[in-house]
Amino acid sequence: MQQFIREFIEDVVHRHRGNTAYRKPLVGFARAGEPGFAQLREAVAPNHLLPGDLLPGARSVVAFFVPFTGELVALHRRHPFVSREWAEAYIETNSLIDRICHVLSETLHARGVRAAWQKPTHNFDPVALTSFWSHKHVAYLCGLGTFGVHQMLITEAGCAGRLGSMVIDADLPGTPLTSQEYCLERRSKNCAACVRLCPSGALRPEGLDKQRCYQHLRDVDRCFHDLGLCDVCGKCATGPCALGVPGAKGEI
Ligand code: SF4
Ligand code: SF4
């Protein structure tokens with residue numbers, strides 16, 4: 001079933017026709033009983049949900065990463081503010097992730113498997129800015145990558161893209177956690193490019209000021225109000241880890 005789910009997601013992304021182009025998605029799996037999910041109540045927020053909260057009887061978790069292209073990353077990086085293409089990609093990819101979850105859920109249902117999911121974004125506490133279901137932490141537990149200084153997940157296809165995840169009641173083996181450290185800075189090699197790329201000063205070597213970052217995202221939203229809720233920036237996702245593991249492949 002892992003192969004079926006992986007190919008299904010790849011196929012939906014491949015068939016997608018819109019303004020945004022994508023590279024091949026990555027898909028990972030975790031057992032719903034993996035202790036790491038309970039630990040997210042300490043690492044993320046005390047009210048972070050467990051797989052069983054999304055779906056009583058949950059057995060496995062599926063996470064996927066839909067990577068943007070190098071062209072979009074380069075365009076956004078060059079732009080003095082936030083490129084319209086990046087803003088549109090944010091909106092379009094969130095819709096695509098919703099669609100993947102819907103159609104995959106329906107297809108699995110026909111095979112006798114139940115599924116549940118949280119929407120790709122805006123599932124967070126608007127005051128504390130903590131997520132009830134952190135797709136990036138779920139994707140980490142599904143073996144999709146490691147965290148960078150920018151606090152995003154760096155996958156084998158980089159960090160420029162969007163993450164989705166769902167919970168199902170079929171037993172699947174988990175993907176091993178990524179054993180290698182993907183962030184250059186955390187590999188004791190000088191980088192901190194994401195810190196230099198941050199236009200708001202929210203990202204510093206010692207950590208991320210989430211409130212300051214989100215204030216900037218709200219400013220961006222005001223500029224793209226015609227697109228819908230567009231609280232996005234992601235300049236920090238256009239550095240050497242944007243398209244792959246830096247030092248391995250995909251550097252820009
Ligand atoms: S830009 Fe450099 S320091 Fe920042 S997350 Fe990527 S690899 Fe790590
Ligand atoms: S999303 Fe933008 S404002 Fe927030 S940390 Fe990244 S670069 Fe800075």
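The legends below describe close-up views of a predicted model.

Local features are given where pLDDT is at least 70 and side-chain atom pairs count only at pLDDT 80 or more, whereas totals for chains, interfaces and linings use all residues. Residues are numbered from 1 along each chain as its sequence is written, chains are lettered from A and ligands numbered from 1 in the order in which they are written, and side-chain values use heavy atoms, with hydrogens and water left out.

**View 1**
Helices (H or I, at least four residues) and strands (E, at least two) are DSSP runs, numbered from the N terminus. An open sheet is formed by 4 strands in the order β1-β2-β6-β3, with antiparallel pairing; two strands pair if DSSP finds at least two bridges between them. Because β1 and β3 (115-117) stand at the edges, each with a single partner strand, one side of each is left without a neighbour in the sheet. From one strand to the next the twist averages 25 degrees, where axes are lines fitted to C-alpha atoms, for helices over the stretch in contact, and angles run from 0 to 180 degrees between N-to-C directions. Helix α1 (residues 2-15) packs on the sheet and touches β1, β2 and β6, and its direction makes about 145 degrees with that of β1; contact means heavy atoms within 4.5 Å.

How many of the residues of β6 are buried? The count is 8 of the 8, so the strand is largely enclosed by the rest of the structure; buried means under 20% relative accessible area, exposed over 50%, and partly exposed in between, for a 1.4 Å probe and protein chains only. β2 and β6 pair in the antiparallel sense over 8 bridges, and V61 has V167 in β6 as its bridge partner. Strand β6 (residues 161-168) also pairs with β3 in the antiparallel sense, over 3 bridges, and W117 stands opposite M166 in β6.

**View 1. Helix α2 and its two faces.**
Within helix α2 (residues 35-43), the residues G36, F37 and L40 are buried. Seen down the axis of α2, its buried residues fall within an arc of 105 degrees and therefore line one face of the helix, the arc being that of the directions from the helix axis to the C-beta atoms. An α-helix has 3.6 residues a turn, so residues three or four places apart point the same way. P35 and E42 are exposed residues carried by the face of α2 turned away from its buried side. The cover over the buried residues of α2 includes β1 (26-31), α3 (51-54), β2 (60-67) and α6 (135-141). At the start of α2, a side-chain oxygen of E34 reaches to within 2.9 Å of the backbone nitrogen of G36.

**View 2. Aromatic pairs.**
Rings of Phe, Tyr and Trp (its six-membered ring) pair if their centres lie within 6.5 Å, and planes under 30 degrees apart count as stacked, over 60 as edge-to-face and the rest as tilted. By this rule the count comes to 6 aromatic pairs. The rings of F37 and W133 have centres 6.4 Å apart and planes at 5 degrees, so this pair is stacked. Distant parts of the chain are linked by the pair, since F37 is in helix α2 and W133 in the loop between β3 and α6, 96 residues apart. F37 counts as buried at 1% relative accessibility, and W133 counts as buried at 0%. For Y140 and F147, the ring centres are 5.8 Å apart and the planes at 35 degrees, so the pair is tilted; Y140 counts as partly exposed at 26% relative accessibility, whereas F147 counts as buried at 18%. Y22, F68 and W86 form one aromatic cluster.

**View 3. Three loop residues.**
S83 lies in the loop between α4 (70-78) and α5 (84-110) and is buried, with a relative accessible area of 0%. Leaving aside neighbours within four places in sequence, S83 is in contact with L75, H76 and F224. Most residues other than glycine have a negative phi. L129 is not a glycine, yet has a positive phi of about 60 degrees; L129 is found in the loop between β3 and α6 and counts as buried at 12% relative accessibility. S188, likewise a residue other than glycine, has a positive phi near 65 degrees; S188 is found in the loop between β6 and α7 (193-197) and counts as exposed at 71% relative accessibility.

Note on methods. Polar contact = N/O pair within 3.5 Å; in protein donor to acceptor, adjacent residues only side chain to side chain.
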